[in-house]
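Please have the sequence and the 3D view open as you read.

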Amino acid sequence: MSKLDIETLITQYGDILTSFFHHMSDMFFLMSVEESTSLDLHFRYVLMNPAAMQVAGLTEKAYGKRLEDVYPETKAAELSSMYKKAVQSGVPIHFTSEGDVIGESILSPVFNKDGVCTHVFSVTRDITERKHLESRLEYLAYHDVLTGLPNRRLLYIHLQNALATAKANDELVAVLFLDCDHFKQINDTWGHNTGDLFLQMLAKRLTSCVREGDTVARLGGDEFIVTLTGIQSQQQVEKVSRRILLALQEPWAIEESTFLCTTSIGISLYPFTALDANQLLTNADKALYSAKAAGRNQFHFYSP
């Protein structure tokens, strides 16, 4: 389409063109391209549909105005940069804008018969809901729904990273495998709703017992894993384990119920008793059973 053709289309048939895009949920912009005396490019609003006006906060009063006339300097510069890329590339470009509204845009340059870009046609689709859904699904893939803690998949990722760091820094990694003593009695006595609230509170108590760089994960049921990193001695692990035992011995007040509950902990240490993530978890699980067999409410280190 030549420059004359598109200018004629806009001048004589602008209302028809606008009505054509009127009911589109996507945002449509048509911008004219101007080259200043300093050879810089500027862009003026020519046409917009209602969806574009609503999201951009503009009206038809913006027609004929430059980006710099309707937006603050930073916002105008950001938009101008994207339009310039479309002009300079000579082909449609894609980009995604972030903010309250996440937009996926295609900017297509329009050339006249002399090969000069006179306009840029932009179509933006609101993908905010889709992005939020994708983020939610990604979160659920790596986190426990009930407690919000990392699940088994994310635990393995954190544990693998912790082992790589420990190997490079000649440090220890401790894996604490714990579950509640007689958790079934909580569900049987006070109901599963109380049991779920208890597990949520338990997750918070565990998290408060460790440092920010450590990991608290839930495998399922009342099984939790605590990964301690940057450890220099077994005494550090013992200190944290005692802190956890004491924290969980405090009375639990949930709704109208108050009860006591303790935990047992099995511990394995890298590199003393295991060299990989799977073996660390297996050995910590074995140590947990030793702690339960010895009377519960205590921690045991794995020993071959």
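1. Helix α8 (residues 192-208) packs against helix α9 (residues 234-249) at about 145°, with the axes 9 Å apart. Axes are lines fitted to C-alpha atoms, for helices over the stretch in contact, and angles run from 0 to 180 degrees between N-to-C directions. Helices (H or I, at least four residues) and strands (E, at least two) are DSSP runs, numbered from the N terminus.

2. A word on the source: this is a predicted model, with local features needing pLDDT of at least 70 and side-chain atom pairs pLDDT 80 or more, while totals for chains, interfaces and linings use all residues. Residues are numbered from 1 along each chain as its sequence is written, and side-chain values use heavy atoms, leaving out hydrogens and water.

3. Which residues meet where α8 contacts α9? Leu202, Arg205 and Leu206 in α8 meet Ile244, Ala247 and Leu248 in α9, contact meaning heavy atoms within 4.5 Å. The residues of this contact comprise 5 nonpolar, no polar and 1 charged (Ala, Val, Leu, Ile, Met, Phe, Trp, Tyr, Cys and Pro count as nonpolar, Asp, Glu, Lys and Arg as charged, and the others, Gly among them, as polar).

4. Now the sheet: 5 strands form an open, mixed sheet in the order β7-β8-β6-β11-β12, where strands pair if DSSP finds at least two bridges between them. Its edge strands are β7 (215-220) and β12 (299-301).

5. Strands β6 (residues 172-180) and β8 (residues 223-231) pair in the antiparallel sense over 6 bridges. α8 lies across β6, β7 and β8, at about 10° to β8.
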